[in-house]
There are 2 protein chains.
Amino acid sequence: MHEKYMSLALEEAKRGMKHTHTNPLVGAILVKDQQIIGRGAHLLYGHEHAEKNAIITCQTPEKILNSTLYVTLEPCNHQGKQPACTQAILEAKIARVVVAQLDPNPLVSGKGIAFLEENGVEVISGVLTSEAEKLNPAYNLFHKKQRPYVTLKQAVSLDGKLGLDNQRTSLTGPEVYEFVRRERDNYQAILVGAQTAITDNPRLLGSETSLFPPQRIVLDRRGRVFDKPDLTLFKDESAPVIIFSAATPDNLPKHVTILKPKDFSISTILSDIADFGIQSLYVEGGAEIHDQFLEASLWDELITYQAPILLGGNSKAAFSSQRQVLSKVILKDISIQQIGQDIRISARRDESCLLD
Amino acid sequence: MHEKYMSLALEEAKRGMKHTHTNPLVGAILVKDQQIIGRGAHLLYGHEHAEKNAIITCQTPEKILNSTLYVTLEPCNHQGKQPACTQAILEAKIARVVVAQLDPNPLVSGKGIAFLEENGVEVISGVLTSEAEKLNPAYNLFHKKQRPYVTLKQAVSLDGKLGLDNQRTSLTGPEVYEFVRRERDNYQAILVGAQTAITDNPRLLGSETSLFPPQRIVLDRRGRVFDKPDLTLFKDESAPVIIFSAATPDNLPKHVTILKPKDFSISTILSDIADFGIQSLYVEGGAEIHDQFLEASLWDELITYQAPILLGGNSKAAFSSQRQVLSKVILKDISIQQIGQDIRISARRDESCLLD
């Protein structure tokens, strides 16, 4: 029975998709005498949390007394942009709270539940925990590891090539182009290397399906992009641009920020990106950039768009560098989808096969 | 109505799959007064053709007079291992023959139909022609172009790599291993380069699902395999081995034949292979061999097995060589299938995008 109501809370949570920004998706269901009397989700960053929405949108407030609240994430115990949810639960005189996932932040994890129990609310936890964790892979990872969730995205030919030598080569079709723009909106930042920024001259924008569009990040130690002031990234102001570089050029457009990290290792770069509060990163290449993430073992998901095209010969291969590779990396949770004439394959890193 | 009976004849034809060897799949349906009175397929190389089987297995032979025969391929007009089908049709006093596809051999195409018409049989042709042609892609191409139908088969990681440097790297799982062995049985020969023969030391055998197992071909101009007499290809006699080489070693096992082509271009090699009567070729690599077929534009289908694995770095990429590539090759008829943990993608060459 707990699973049934928690499943509904999980469904409810998805209503906030793309709009909760750095907050997690959370859903809540209020139940009294086996009847659903309220439901709520965290719908928008900075606005009411799911628990509060379930309470205030309840059409029969007289029934809330002694009801049971199902919530996909441990209620918060601190005042943020919104008052603490634990307070709201006490004030509403809810008798029992069923929780799927504890707060992933080790500093506060379990504190919401402890506070509720100390104040006489019965708490049941651990219901559909892994399903709830899947709602917020980036949020959970960010708080556990203090780095963004990293997705490596590549577009390749059927023989695993990226394009003709150092020229922009369109491989996938218009359906993938649209799909990728929407997919970008699921991330808080997009990252490319200097070569990709120069060769492809991309806009790196989402599809305006999110209120919090991704920021654009370029890794460019030597500052090669600064010799190309006509790049779209400099001309187009629709989203902020952060350039990690040792160069210090003048007269940059206002939307462009330069950061000089203490070194250019992926570990340092990700740590600096986390300091911006960026929880998820969509890495679009090129080959050496992808390979650096792979070598550092700092990535979580791989999305491959494969075009029904062959290149062969000396064309540049995906995920390549001079690095000598001694072992293979095994992935899991494979998902395959045809998009127009192309194929989308997503897979996750198998933690059990990797050192981190 | 013609389409309905021809569809049934196409279904019938498939009963010969894997067993007609260099003969085509052919199906036939005998119809009298809108009733099916007989059906037949060419079931086994050297045995009765479909038309004859439809006639001799008919349970009501008295009804054959003035009946209509639906046949997926133009009836043969010459005595081979079996008497001419056109004679059998005349003798059975069949009144009308409906044909899907003309004989692809330009030397005899249309002659069967002409003979039937000269002898008072009504002939309708062009019914479900393209469906019938798809039954026998290799047979049709072999007779039109005098070269085998070439499938390039590769097994790659998600980043399009073949394996770690010059060592056998297993990428795909056991399900693909079994699937490939069965798939090989659809071809009359398997081809690999010397490096693959040496590094992988494969058996290159089918799965014994065909009465006519594939022959094994190695391209090895310099004769490097002859320094490795312990290779499985030399030890295992279960199928003939043909080695294209300029070397002339002694004391080869009986199942091994050496051929010295006039040159080692793919065009010459394919022409020599066609002289053996081999109509279909499954090319298993390595990278340079595949690339040579691609460069020569002499190939018809690509089958990719993709493992949920990353290699990255300096790992060898698929379809690679020193050749400079200036344009992309576009494929069509994409088909995707999950096999175990791996993905199978097949696609055909788009003739309209290629010079040949």
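## Notebook: two chains and where they meet

I began with polar contacts between chain A and chain B, and the count is 24 residue pairs, both partners at pLDDT 80 or more. A reminder to myself: this is a predicted model.

**Entry 1: the interface**

Next I asked which elements of chain A give two or more residues to the side that touches chain B. They are helix H11 (287–296) and the strands S13 (301–307), S14 (309–310), S16 (329–339) and S17 (342–349) of chain A. S16(A) gives the most to that side, with six residues. I then sorted the residues of this side of chain A by kind and got 22 nonpolar, 17 polar and five charged.

On chain A, 44 residues are in contact with 44 residues of chain B. The area buried between the two chains is about 3500 Å², and carbon and sulfur atoms give 64% of that. In chain A, the residues that lose the most area to chain B are Leu158(A), Leu310(A) and Lys328(A), together 19% of what that side buries.

How many salt bridges does the rule find across the interface of chain A and chain B? I noted zero.

**Entry 2: strands that cross between chains**

I followed S16(A) over to the other chain. S16(A) pairs with strand S14 (residues 309–310) of chain B in the antiparallel sense, over two bridges. Within this part I found Ile330(A) opposite Ile309(B) in S14(B).

Then I traced a sheet that takes in strands of both chains. This open sheet of 10 strands has mixed pairing, and the order I wrote down is S14(A)-S16(B)-S17(B)-S13(B)-S6(B)-S12(B)-S8(B)-S9(B)-S10(B)-S11(B). Its edge strands are S14 of chain A and strand S11 (256–259) of chain B, each of which pairs on one side only.

**Entry 3: strand S17 of chain B**

I stopped at strand S17 (residues 342–349) of chain B to see what surrounds it. Seven of its eight residues are buried, so S17(B) is largely enclosed by the rest of the structure.

I checked its partners one by one. Strand S13 (residues 301–307) of chain B runs antiparallel to S17(B), joined by six bridges. In that pair, Glu301(B) stands opposite Arg348(B), and Thr304(B) stands opposite Ile345(B). Strand S16 (residues 329–339) of chain B is also antiparallel to S17(B), through seven bridges. Here Ile336(B) is the residue opposite Ile345(B).

S16(B) and S17(B) make a hairpin with two residues between them. In the turn I noted Gly340(B), which has a positive phi of about 60°.

**Entry 4: helix H11 of chain A**

Which residues of H11(A) are buried? My list reads Ala287(A), Ile289(A), His290(A), Asp291(A), Phe293(A) and Leu294(A). After H11(A) comes Ser297(A), with a positive phi near 55°.

**Entry 5: salt bridges**

A search of the whole structure gave 34 salt bridges over all chains. I looked closely at a few of them.

In chain B, Asp291(B) and Arg323(B) meet through their side chains at 3.0 Å, N to O. Asp291(B) lies in helix H11 (residues 287–296) and Arg323(B) in the loop between strand S15 (316–317) and S16 of chain B, so the pair ties together parts that are 32 residues apart in sequence. Both Asp291(B) and Arg323(B) are buried.

Arg203(B) and Asp236(B) form another salt bridge, with their closest N and O atoms 3.4 Å apart. This pair links distant parts of the chain, 33 residues apart: Arg203(B) is in the loop between helix H8 (194–199) and strand S9 (215–219), and Asp236(B) is in the loop between helix H9 (232–235) and strand S10 (241–244) of chain B. Arg203(B) is partly exposed at 38% relative accessible area, while Asp236(B) counts as buried at 12%.

Lys14(A) is partly exposed at 38% relative accessibility, and Glu11(A) is partly exposed at 47%.

**Entry 6: a loop residue**

Last, I looked up Asn119(A), in the loop between helix H4 (111–118) and strand S5 (122–125) of chain A. At 40% relative accessibility, Asn119(A) counts as partly exposed. Its C-alpha atom is 9.8 Å from that of Thr86(A), which is 33 residues away along the chain.

Notes
Residues are numbered from 1 along each chain as its sequence is written. Chains are lettered from A and ligands numbered from 1 in the order in which they are written. This is a predicted model: local features need pLDDT of at least 70, side-chain atom pairs count only at pLDDT 80 or more; totals for chains, interfaces and linings use all residues. Side-chain values use heavy atoms; hydrogens and water are left out. Contact means heavy atoms within 4.5 Å. Buried area is the accessible area (1.4 Å probe) that two parts lose on being put together, summed over both. A salt bridge is a side-chain nitrogen of Lys or Arg within 4 Å of a carboxyl oxygen of Asp or Glu. A polar contact is a pair of N or O atoms within 3.5 Å; within protein, one must be able to donate a hydrogen and the other to accept it, and residues adjacent in sequence count only if both atoms are side-chain atoms. Helices (H or I, at least four residues) and strands (E, at least two) are DSSP runs, numbered from the N terminus. Ala, Val, Leu, Ile, Met, Phe, Trp, Tyr, Cys and Pro count as nonpolar, Asp, Glu, Lys and Arg as charged, and the others, Gly among them, as polar. Two strands pair if DSSP finds at least two bridges between them. Buried means under 20% relative accessible area, exposed over 50%, partly exposed in between (1.4 Å probe, protein chains only).
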